[in-house]
Amino acid sequence: MEKKQKNKYEYSAISIKADVAVRFRRYSKQFSKSNSEVLHRMLFFLQWNGLDPFGASVEKIVSEIQKNRKQIEYLISIIKNMEKLHIRPTHEMVKILFEAYCKNKKDIKKESRFLPQPIIEVARENYSRLKHERLERDFKEYKKECNKLLEKIEVTEPTFGKPYLKVNLSQGEYEQLRRQLNMN
């Protein structure tokens with residue numbers, strides 16, 4: 001019988017300095033790949049991108065990175081400036097207007113404290129009717145959610161043992177349902 005032979009590779013020796021070899025082996029271990037594969041991919045990357053390790057291409061890349069960094073810093077300064085000069089003053093003006101409106105509203109309420117009896121009765125009836133409508137709407141929504149949950153329940157009958165119910169919910173649906181029930 002013939003023995004199956006593993007893939008045989010041809011190896012070639014390259015003379016490099018010992019400290020460079022140690023650095024390269026450490027670098028290769030980071031990727032858990034063989035030295036040959038790491039070197040092959042490095043060469044492929046350099047050739048594919050047209051980079052010359054001894055040419056000006058490396059300086060071009062570094063200058064582009066610095067240029068982009070300066071542009072990003074400039075954009076950040078513009079956004080901070082907008083926040084200081086536009087957004088905060090606008091927020092403060094709206095806040096002042098709202099406070100003034102609330103003060104005026106309080107003055108109006110003080111003047112009309114006592115309402116005639118028929119108006120109070122109508123208001124109570126409207127309030128009761130609106131409360132009832134809200135409760136009906138909430139109940140319908142709750143019923144709909146319960147039906148959705150019931151649709152996801154299956155009866156599982158194992159070969160041994162008693163049948164049991166299985167709920168087919170994803171982790172996200174389960175967390176959402178849990179949060180929803182905790183809020184109410």
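How much accessible surface does the protein chain have, and what share of it belongs to carbon and sulfur atoms? The accessible surface comes to about 18,900 Å², of which 58% belongs to carbon and sulfur atoms, with areas taken from the Shrake-Rupley method with a 1.4 Å probe and only the protein chains shown counting as cover for residues. The model is predicted, so that local features need pLDDT of at least 70 and side-chain atom pairs count only at pLDDT 80 or more, while totals for chains, interfaces and linings use all residues. Residues are numbered from 1 along each chain as its sequence is written, and side-chain values use heavy atoms, with hydrogens and water left out.

**View 1. Elements and burial of the protein chain.** The protein chain holds five helices and two strands, in the order α-α-α-α-β-β-α from the N terminus on; helices (H or I, at least four residues) and strands (E, at least two) are DSSP runs, numbered from the N terminus. Of its 184 residues, 2% count as buried, where buried means under 20% relative accessible area, exposed over 50%, and partly exposed in between (1.4 Å probe, protein chains only). Among contacts (heavy atoms within 4.5 Å) with a separation of 6 or more, 5% are accounted for by residues 24 or more positions apart.

**View 2. The aromatic pair of tyrosine 27 and phenylalanine 31.** Two aromatic pairs are found in a search of the whole structure; rings of Phe, Tyr and Trp (its six-membered ring) pair if their centres lie within 6.5 Å, and planes under 30 degrees apart count as stacked, over 60 as edge-to-face and the rest as tilted. Tyrosine 27 and phenylalanine 31 are edge-to-face, at 5.1 Å centre to centre with 80° between the planes. Tyrosine 27 is partly exposed at 36% relative accessibility, and phenylalanine 31 is partly exposed at 41%.

**View 3. The aromatic pair of phenylalanine 44 and tryptophan 48.** These rings are stacked, at 5.9 Å centre to centre with 25° between the planes. Because phenylalanine 44 and tryptophan 48 are four residues apart in helix 2 (residues 35-48), about one helical turn separates them. Tryptophan 48 counts as exposed, at 66% relative accessibility.

**View 4. A nonpolar patch on the surface.** Ile14, Ile16, Val20, Tyr27, Phe31, Leu39, Met42 and Leu43 form this patch, with about 730 Å² of accessible area together. Patches are made of residues with over 30% relative accessible area and no salt bridge, like charges being joined within 9 Å and nonpolar side chains (Val, Leu, Ile, Met, Phe, Trp, Tyr) within 5 Å; a salt bridge is a side-chain nitrogen of Lys or Arg within 4 Å of a carboxyl oxygen of Asp or Glu. Helix 1 (18-30) and helix 2 each supply at least two residues of the patch, and helix 2 gives the largest share, three residues. Valine 20, found in helix 1, is partly exposed with a relative accessible area of 40%.
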